[in-house]
Amino acid sequence: MRRSTIQEYDNLADMLTNLVGVMKFRFMDLCVKAEPVSLLNVKPIIEGKIKNIEDCAKVGKENDYQFMVFPNYDDDMTQIAVAIMRVHPEFKIETKSMSIESKDENGNEKNVDVKYLLLTMPVVNDDRYDVLKDGVDVIYQDCKAQMEFANNQAKAKFAQLKEVETADNLKLLDDKVEKLNKEWNEKRDNLHAEKLKEIDEAHNKWLTEKAERDRQRQEQEAARGEHVVSSMKFSEFNEN
């Protein structure tokens, strides 16, 4: 197989890889769970200079839906919080502190209070559920269309190779292209299904918590109603 043929195949492979990679990144940026990649665009301004967040803070996960951001210096806390709000205004940001064990210069153990930012992902209520579903579908269809366009461009270039390649090499090329597309179509579709599942899980979590809050409110209202009835009966007894 000629070098030019191999190069055209490699170009298609690179294009499909990049398109699915971009789709994956865009899915992560539709924040449902706490994904570290969603903080890549956060650029705090520290002492007049634009910094990457990884250069001025350490990021950890409290759970699937919360980040912990530990500034390298407490003085940078506000600037980091502002930078996060600029990129992700939907995040709930709280200043927290935790006590950790440390040792002083003499090797003696001591407790140190460490301040950090707790970032909580927005809940997936009914309204946000629909918005996220629509957003995922738009991103998926966009990726699918671009992959089809890349394949059409490649086919046009492959057609020109008929004059220089043998029939066996052209058959081999067709098989490799078919296998390549099958692989990346599956990866694209799996990422799509995983994101929809993630959204459904977060929505079900919100529904469960909402049902529990509603139950507790109903119990409290019922308890207040019983208290009012009891008070009225007591008053009637006193009047008699």
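Modeller: Consider Glu183, which is partly exposed, with a relative accessible area of 37%. The terms are set by relative accessible area: buried is under 20%, exposed over 50%, and partly exposed in between (1.4 Å probe, protein chains only). This is a predicted model, in which local features need pLDDT of at least 70 and side-chain atom pairs count only at pLDDT 80 or more, while totals for chains, interfaces and linings use all residues. Residues are numbered from 1 along each chain as its sequence is written, and side-chain values use heavy atoms, with hydrogens and water left out.

Biologist: Which side chain meets that of Glu183 in a salt bridge?

Modeller: A salt bridge is a side-chain nitrogen of Lys or Arg within 4 Å of a carboxyl oxygen of Asp or Glu. Here the partner of Glu183 is Lys187, at 3.3 Å, N to O. Lys187 is also partly exposed, at 36%. Helices (H or I, at least four residues) are DSSP runs, numbered from the N terminus.

Biologist: How many salt bridges does a search of the whole structure find?

Modeller: The search finds 12. Among them, Lys133 and Asp200 meet at 3.3 Å, N to O. Lys133 is in helix H4 and Asp200 in helix H5 (residues 167–239), so this pair ties together parts 67 residues apart in sequence.

Key: Helix = DSSP H or I, 4+ residues; strand = E, 2+ residues; numbered from the N terminus.
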